[in-house]
Amino acid sequence: MALPGWRLCAFLLAACATQATITKYELEPYDSSPSPSAVILSGCARFTVLTPHVIRMEFSTSRSFENRPTLAVVNRRLPVPTYTTNENASALVIETSALKLTYTKGQAFHATTLQVESTNTSSAFTAWQYGMTSETDPGNLLGTFRTLDGQNALSLNCSVNRGSRRPPAHCVFGLVSRSGWGLVVDSGVPVLDEDDFWADENGDMLRNSNDEDLYIFAHGHDYAGALRDYTLVGGRIPVVPRYASGVWFTRWFNFGAGEVKDVVEEYERTGIPLDVFVFDMNWHTKQQWTGYSWDRNVLPYPEDILTWLRQEKGLRVAANLHDAQGIREWEDKYIPMCQALNIDPKSTKGINFTLVNRNYTRALEDIVLQPIEKQGMDFWWIDWQQGETQGGTGQGSRNGTMNPTIWLDKMRVTDSIRRCKTYGSCTNRRGMVLARFGGLGNHRYQVGFSGDVANVNWENLAYQPYFTSTASNVGYGFWSHDIVGSGSDPELYTRWIQWASYSPIMRSHDRGLSAGSCTKWPDQSPPDKGCAVVRPYNLPLRHLQAVRTALRSRAKLTPYLYTLSREAFDTGLSPIRPMYYYWPEETMAYSSDQYGNFPQFLLGNDLMIRPVVRPANASSQGSFLAENTKTWIPPGEWVMLSTGRVFKGPKVDTRSYDLEDIPVFARAGSVIIERKIENKNKNAGLTGLARRPLTDLVIRIVPGSKREGSSRVYEDDGETYDYLNNKFAWTTVEYSRSEIGMKISIETKGSYDGLPQYRSISVRVEGIPPVERATINGVQLTRSRFGGPSTYSYDGSDMSSLVESDDIPSSTVSTFELTFAFPLKSPYSLSGLKGLISKARRVKAALDEYRVTPGSHRVEVSYLSKLAGAGEALSYLASTGAPGLKSFRALAANLTTYLKESIKQVSALRNKTQDGRVNYGLALLRSGL
């Protein structure tokens, strides 16, 4: 019996479609040709069932359907999901476990001829019909656009921002929607040939041959599922190098080698971590914005400073490029470029920038840039000037999809793979860029550079968490923002650093504001007045302490951040996640907006970050208290890490936050895996720390009502593509607790070159009483007042028990067993106490400076001093064993009383000082109630 026409053509796919290609230089060899059994043909229409929730819908009057990859979609050869087809004379029906598509045969796509409806009555997705677009969908959760250059808190709705003074390029809607569906329109876009290039020999764009090319993503409110499915077809998000999780420095300044060293050594002197040093355009010759040759006036021996940065200090290095003006006659590699392109160097003064000439692009990368990379340049910062149509791009592609931004990103991320496959120059080093967003598909080429915002102000700070988390809706979740120097507002700078310390990329930069007419002579420091110099170490003491704490917290958190990079590779979920990913049915989960309302997000699964993005209220009289700060506490139990206070949601919490405070909440019961950053010399070892193997793990357990929990941390060599060949390790932590103790198991599985054979492990359990006995693998440890290898101790200021191992073989399962000194009836019996101690210390310090602290002039009980010193007292009492435990319990029980009495005593000081410190102290203490 003859096969139906659609199935016959499915088996003879080559006759019905353009020639498919397997991507040659991408992270993986993606196959753009669908499995024949996933394809249903009906005249001029073709449908491909990619997943139960994703169907490709093509219409081609020539019946030459497109199989080549596009920038947005590179992989269509997926495991074929179960589906059925039913066909009669007029209609074709395709049904999966989630969707039913109905097409009127022989007709062009129209609202009446093409519909998709849900087969799941509980799904938020109900129905879609042709003509419905993300642009007209009021429920679309938006995506991102190319850059924030010259923008101020612009709407992410592409329909709205199109009418702005400076409409952003490459604005894309989200793949997720409260309506339950997203649509990718891939019609009229460039396709890639068998050499991963997008233009023919004449420089003409290779165009998608379909008249219509649509992908429906109908996942309801399973937003994570939509993003996972997109990375199945759109390609994976790469694991960025581990050092990218650290702290970056950039400044547009004419640095010589000595000045470079000065910057690095100032970071070291003040105990601030540093992992990446980025040269702005000062590194190259200055005839114009474009430059590809070292400026030998300021850096006569570039190999020397690169060696010092990379080998002596363990940093990684990048440099700025503006490609728009091509290769001019003064460039070091002008003659070799001319020779490679068969150009007489005497016939012209330069080679014009082009991205549609395959030979030019490859020669630029391999003749001009590769020698600098061999000197020690790790990656490139692709800056602007090349517009959106230069270099032969902008050839009438839909929505500007043929643009220089995405192609430069693609070239430089994939260079090392291409060179290896083309001529055996295999470094195996991961590609990464710092660059703007070029449209859907740019998630394969990380990380993002958001450009120069119009103004450095609180409104733009408040916008950035929303902007960054929303970009996760298209998989572009590694935005890096210019964290501009303090200028005349160190409070704004401090809050910007704090937000950035929990963002995907923490990069300081002056955006050109650190020199010029803003400079005062002689220099006024600290702080610099007017110029926004990136000097986190050159601030008023209070701000310096807050900035240093934030950046050191990031250094500790790099294992967690790097694990999120691996999760992005595996799942399509970016590190920063909007609240609605987890609570799609909660209205408040959608409250974050461009105006800075509820600027909170999930950092991974277990941390919720709520940056402070408003200045201290005028009523707080310069105290740096951001009052009336609202946070939506989602369902469940959450512990604020800085205070230990437990919150139960859903509810809106309103409170004040001091300059040092960063509202970071952990899920109760979670395990946060960090690294130790301290050693005998407290400031040593922070430079280049992020890229080093995890030789010292810190397991931070935040108990909750549930009596067990787990987490895991990812490791690989941090810089090569070996992770694609299963060279990596996962370390899993599991714990269970009872009223009298806790058991923690730690196991590492997998291997890679450089996996530490031994490492120390510290287990810190928050909010529990002191430990009476502790063992590791059955060996009893020693009680200690101050901690150390093979000891257990108590940190009263943190209200946590700490158990520390000596070096342990990574290949063994490590079991920690803790016995509490007294029963833990509730995991929240010590809730909020460390916050009371911390606040009291700050209030006491403010009053000490004015010599008005209660008890400083007469014999009286100073409850404030008692509360401020309670951390050390609790640590000491816990170290004395049984004799001190009764006093420990009594002191812990009295801390709330001390707080109330402290408020009374400080209130009595109102007439003794008029500079605001008493009001500050009262507001801060009252926030602890």
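This is a predicted model: local features need pLDDT of at least 70, side-chain atom pairs count only at pLDDT 80 or more; totals for chains, interfaces and linings use all residues.
What is the torsion about the S-S bond of cysteine 158 and cysteine 171, and is the disulfide left-handed or right-handed? The torsion is about -85°, so the disulfide is left-handed.

Residues are numbered from 1 along each chain as its sequence is written, and side-chain values use heavy atoms, with hydrogens and water left out.

Disulfides, then. The structure holds three. By disulfide I mean a pair of cysteine sulfur atoms within 2.5 Å.

Start with the one I opened on. Cysteine 158 is joined to cysteine 171, S to S 2.1 Å. Cysteine 158 sits in helix H3 (residues 158-161), and cysteine 171 is in the loop between H3 and strand S9 (182-185), so the pair ties together parts that are 13 residues apart in sequence. A word on those labels: helices (H or I, at least four residues) and strands (E, at least two) are DSSP runs, numbered from the N terminus. Both cysteine 158 and cysteine 171 are buried. Buried means under 20% relative accessible area, exposed means over 50%, and partly exposed is in between, with a 1.4 Å probe and protein chains only.

Next pair. Cysteine 420 is bonded to cysteine 426, with an S to S distance of 1.9 Å. This link is right-handed, with 85° about the S-S bond. Cysteine 420 is partly exposed, at a relative accessible area of 30%. Cysteine 426 is partly exposed as well, at 46%.

The remaining pair is cysteine 518 and cysteine 531, S to S 1.9 Å. Here the torsion is about 95°, so the disulfide is right-handed. Cysteine 518 and cysteine 531 are 13 residues apart, both in the loop between strand S20 (506-508) and helix H12 (541-571). Cysteine 531 counts as buried, at 4% relative accessibility.

One more cysteine for the list. Cysteine 338 has 0% relative accessibility and counts as buried.

Now to aspartate 383. Where is aspartate 383 placed? Look in the loop between strand S16 (379-382) and helix H9 (404-423). Aspartate 383 is buried, with a relative accessible area of 11%. Its side chain makes a polar contact of 2.8 Å with the side chain of asparagine 320. It makes another with the side chain of arginine 436, at 3.0 Å. A polar contact is a pair of N or O atoms within 3.5 Å; within protein, one must be able to donate a hydrogen and the other to accept it, and residues adjacent in sequence count only if both atoms are side-chain atoms. Leave aside neighbours within four places in sequence, and aspartate 383 is in contact with Asn320, Leu321, His322, Arg436 and Phe449. Contact means heavy atoms within 4.5 Å.

On to a helix pair. Helix H13 (residues 833-848) packs against helix H17 (residues 917-926) at an angle of about 170°, with axes 9 Å apart. That makes H13 roughly antiparallel to H17. The contact on the H13 side is made by Lys839, Ala840, Arg842, Val843, Ala846 and Leu847. On the H17 side we have Arg917, Val918, Tyr920, Gly921, Leu924 and Leu925. By class, that contact has eight nonpolar, one polar and three charged residues.

The conventions for that pair are quick. Axes are lines fitted to C-alpha atoms, for helices over the stretch in contact, and angles run from 0 to 180 degrees between N-to-C directions. Under 35 degrees counts as roughly parallel, over 145 as roughly antiparallel, 65 to 115 as roughly perpendicular, and the rest as oblique. Ala, Val, Leu, Ile, Met, Phe, Trp, Tyr, Cys and Pro count as nonpolar, Asp, Glu, Lys and Arg as charged, and the others, Gly among them, as polar.

Last topic: the backbone. Most residues other than glycine have a negative phi, and most peptide bonds are trans. Now some cases from this model. The peptide bond from glutamine 446 to valine 447 is cis, with omega near 10°. Valine 447 lies in the loop between strand S17 (433-435) and strand S18 (448-449). Glycine 649 and proline 650 are also joined by a cis peptide bond, with omega about 10°. Proline 650 is in strand S25 (residues 646-657).

Then phi. Asparagine 428 is not a glycine, yet has a positive phi of about 65°. Asparagine 428 is in the loop between H9 and S17, and is partly exposed at 30%. Methionine 799 has a positive phi too, about 50°. Methionine 799 is in the loop between strand S36 (791-795) and strand S37 (800-804), and is buried at 2%.
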